[in-house]
Amino acid sequence: MQDIRLAIFDWDGTLMDSVGRIVACVQGAARDCELAVPAPAQIRQIIGLSLDVAMSRLFPLSSGSGSGSVFDERQIAALIDRYRHHYLHDATPSPLFAGAGELLHDWQSRGLQLAVATGKSRRGLDRVLDETGLRPLFMTSRGADEARSKPDPLMLEQILDELELSPRQAVMIGDSVHDMAMAEAIAMPRIGVTWGVDSRDALSRHEPVAVVDSMAALRELL
């Protein structure tokens, strides 16, 4: 992977240990909206998707006649609103994974460009970039409200266009099949990490160049 000039990271489950917090907040939103509370395993499957797509998959829309679609849109909007409320106030810890900061600083100091492609909104991404102090390390980033939801590769294409690079000059690093499928769609090299939501077997179906079990192993690849 000597021609790689850019490492694009997913955020939740890849750099930040936020899966538990996301699960708690989705369940809280369901309770607030008086809907069936999804199991953690169900919620893990939608982590990385944009919130509107994620909520629509978890809470299938009713197919009533007349103004049913309007009610459905309001239900999804209400779920997203309550999710965001819980995310701001939930006490579940969501620290960076051990070694994440050191890896980013090391790669950036050696001239590798860094970027983020995440299912978070721009607002949510900006908040965690500032809270962690990592913003200066990244050349650019894309949130879910600035492109189509993963696994559509639009956010990767936008990042490549901005930095004037080809897919073969970048690598996507993520913990979910959505990350792997997004990169696979434009023949971008990809690395799966197993400390997030999806298993080694699931990640491997998208033919990544590697699947790693630790931040140290990831650090050695580039």
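The legends below describe several close-up views of one predicted model. Residues are numbered from 1 along each chain as its sequence is written, and side-chain values rest on heavy atoms, with hydrogens and water left out. Because the model is predicted, local features need pLDDT of at least 70 and side-chain atom pairs count only at pLDDT 80 or more, whereas totals for chains, interfaces and linings use all residues.

View 1. The largest pocket holds about 530 Å³ of space. A pocket here is an open set of points on a 1 Å grid over the protein atoms alone, where a 1.4 Å probe fits, with protein on both sides within 12 Å along at least five of seven lines, and lining residues have an atom within 4 Å of a point. Its volume is the space filled by probe spheres set on the points, which are joined across faces, edges and corners. The lining of the largest pocket is made by 26 residues, and L51, Y83, G119, K120 and S121 are those that lie nearest its centre. Two or more lining residues come from each of α1 (19-32), α3 (51-58), α4 (68-89) and α6 (122-132), and α4 gives the most, with five residues. Helices (H or I, at least four residues) and strands (E, at least two) are DSSP runs, numbered from the N terminus. By residue class, the lining divides into twelve nonpolar, six polar and eight charged residues, where Ala, Val, Leu, Ile, Met, Phe, Trp, Tyr, Cys and Pro count as nonpolar, Asp, Glu, Lys and Arg as charged, and the others, Gly among them, as polar.

**View 2. Strand β1 between its two partners.** Strand β1 (residues 6-9) is covered on both faces, with L6 and I8 buried on one side and A7 and F9 buried on the other. Buried means under 20% relative accessible area, exposed means over 50%, and partly exposed lies in between (1.4 Å probe, protein chains only). In a regular strand the side chains alternate between the two faces of the sheet. β1 pairs in the parallel sense with strand β2 (residues 113-117) over four bridges, and A7 stands opposite L114 in β2. β1 also pairs in the parallel sense with strand β4 (residues 170-174) over four bridges, and here L6 stands opposite A170 in β4. Two strands count as paired if DSSP finds at least two bridges between them.

View 3. W107 has a relative accessible area of 1%, and, leaving aside residues up to four places away in sequence, W107 touches A7, F9, L112, L114, I173, L218, R219 and L222. Contact means heavy atoms within 4.5 Å. Although W107 and L137 are 30 residues apart in sequence, their C-alpha atoms are 9.5 Å apart in space. Just after α5, G111 takes a positive phi of about 95 degrees.

**View 4. T140 in strand β3.** T140, found in strand β3 (residues 140-142), is buried with a relative accessible area of 9%. Not counting residues up to four places away in sequence, T140 touches L114, A115, V116, I159, E162 and L163.

**View 5. Two cysteines without a bond.** The count of disulfides comes to zero, a disulfide being a pair of cysteine sulfur atoms within 2.5 Å. The sulfur of C25 is 13 Å from the closest cysteine sulfur, in C33, and is therefore too far away for a bond. C25 is buried, with a relative accessible area of 0%, while C33 is partly exposed at 23%.

View 6. The peptide bond from K150 to P151 is cis, with omega near 10 degrees, and P151 lies in the loop between β3 and α7 (154-163). A187, in the loop between α8 (177-184) and β5 (190-193), has a positive phi of about 55 degrees although it is not a glycine, and A187 is partly exposed, with a relative accessible area of 42%. E207, in the loop between α9 (200-204) and β6 (210-212), likewise has a positive phi, near 50 degrees, in a residue other than glycine, and E207 is exposed, with a relative accessible area of 61%.
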